[in-house]
Amino acid sequence: MRATQWMGKKHIEVNEVPDPQILNDRDAIVKVTSTAICGSDLHLYDGFIPTMRSGDILGHEFMGEVVEVGRGVGNLRVGDRVVVPFPIACGSCNSCRQGLFSVCENSNPNARIAEKVMGHSPCGIFGYSHMMGGYPGGQAEYARVPFADVGPLVVDDDLTDEQLLFLTDVFPTGYMGADNCDISPGDVVAVWGAGAVGQFAVASAKLLGAERVVAIDRFDYRLDKAREAGATDVLNYEDVDVLDALQELTAGRGPDAAIDCVGMEAHHPSTAIHAYDRAKQAAMLETERPHALREAILAVKNGGTVSIVGVYGGLMDKFPIGSLMNRSLTVKTGQAHVQRYLKPLYERIRNGEIDPSFVVSHTLPLEQAPQAYRMFRDKEDRSNKVVLKP
Ligand SMILES: [Zn+2]
Ligand SMILES: [Zn+2]
């Protein structure tokens, strides 16, 4: 089959690789009909996630048709149309039973590597380094789906791939970011990062009853999308001081909740702290450039919530623990527990409460993955979310 392979930093190729096979009774093979490039794939592209190997197949956002099932998969049939959650989860361990699917205790065969970095291991993830299980991803013609009796959701034919594909990650991730804010009517929620996850966080905060939602980014076309998703206010941080602007919008109190949808590669080129982070990151002395998170912590009101769904890899410097502790802030975070949100969010799409296809800016053949990664990384041609068709 044809598959998108990570060949090294900033080097993607589409090549011929062996077809995936059923390895365990609970596996299924899915023929991929649509797959997307994620902002977090760019951390792989840029070489910031350790334990990638040349030839690894990328992609954790994919959907398609079941073409083969193992003997232990009773809920899927050949021909079913499915969306596949990016976290691989067994469904029966202690974490899965609590609905914490992205910290499944059974799905990362390389847990030992992750334990060295993080203390304990999260779940395995498709196409996201050997530390996260070394599973081949779904930016390919076919993918093997482990624990297929737990993860994939069978979906109806009357909705398009573009309406359903984002159930695999960015919609539930944005939704969890908002859900973790315990939003009450009247709340003001500020969202750092207006990429697809940020756009879904904005839409979800509105769905969950926020009165004002402020989107923060440096690209006006992404802020326009955030407005389309329901943002009442937008801030371009190249034009305004974000902390001052948020103070002004909230009578000096600060937003009730802050959602970080940026993660480890925040930009803030004009500041000394950005130069500091870049230098430390380049020297491998910290893994993150966490400007957005620092700002989110400082911005939120006393007693407010900071919800982190942007991806971080390891260790950061200059964490404002004094602000966090003295001001009674709550931090909630995690890779999205997609399996928990899949059905309820599918129902919201079915009911017409949201049409996730608004995020798609480009649909390209899989063969153009190398160009698509470059375009998406460099934010060329107003690229917002790129769908690849095998
Ligand atoms: Zn993703
Ligand atoms: Zn589990």
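Colleague: Which residues coordinate the zinc ion (ligand 1)?

Modeller: In this predicted model, the zinc ion (ligand 1) is coordinated by Cys 38 (SG), His 60 (NE2), Glu 61 (OE) and Asp 169 (OD). These atoms lie at 1.8 to 2.2 Å, and a donor has to be within 2.8 Å of the metal, so they count as donors.

Colleague: Why is the site of the zinc ion (ligand 1) called tetrahedral?

Modeller: The angles among its 4 donor atoms are 91 to 127 degrees. For comparison, the ideal angle for four tetrahedral donors is 109.5 degrees.

Colleague: How are the donors of the zinc ion (ligand 1) spaced along the chain?

Modeller: They follow the pattern C-x21-H-E-x107-D. Cys 38 sits in the loop between β3 and α1, while Asp 169 sits in the loop between α4 and α5, 131 residues apart, and the pair links distant parts of the chain. Both Cys 38 and Asp 169 are buried.

Colleague: Now the other zinc ion. What are the protein donors of ligand 2?

Modeller: They are Cys 90 (SG), Cys 93 (SG), Cys 96 (SG) and Cys 104 (SG), lying 2.3 to 2.4 Å from the zinc ion (ligand 2). Along the chain their spacing reads C-x2-C-x2-C-x7-C.

Colleague: What makes that site tetrahedral?

Modeller: Its 4 donor atoms make angles of 103 to 118 degrees.

Colleague: Why does Cys 90 count as buried?

Modeller: Cys 90 has 2% relative accessibility, and buried means under 20%, so Cys 90 is buried. Cys 93, with a relative accessible area of 6%, is buried because its value is also under that cut-off.

Colleague: Let's turn to strands. How do you know that β1 and β2 pair?

Modeller: Pairing needs at least two bridges, and 6 bridges join β1 to β2, so these antiparallel strands pair. Trp 6 stands opposite Ile 12 in β2.

Colleague: What makes β2 and β4 edge strands?

Modeller: The open sheet has the order β2-β1-β4, and β2 and β4 each pair on one side only.

Colleague: In what sense do β15 and β16 pair, and how does the chain cross between them?

Modeller: β15 and β16 pair in the parallel sense over 4 bridges, with Thr 305 opposite Thr 330 in β16. The chain crosses from β15 through helix α11 to β16, and this β-α-β crossover is right-handed.

Definitions and conventions: Residues numbered from 1 in each chain as written. Chains lettered and ligands numbered in written order. Predicted model: local features only at pLDDT ≥ 70, side-chain atom pairs only at ≥ 80, totals over all residues. Heavy atoms only, no water. Helix = DSSP H or I, 4+ residues; strand = E, 2+ residues; numbered from the N terminus. Donors = N, O, S within 2.8 Å, 3.2 Å for Na, K, Ca; no water. Tetrahedral: all angles 85-135°; square planar, octahedral: opposite > 155°, others 65-115°. Buried < 20%, exposed > 50% of the residue type's maximum accessible area, 1.4 Å probe, protein only. Right-handed = clockwise from strand over helix to strand, strands pointing away.
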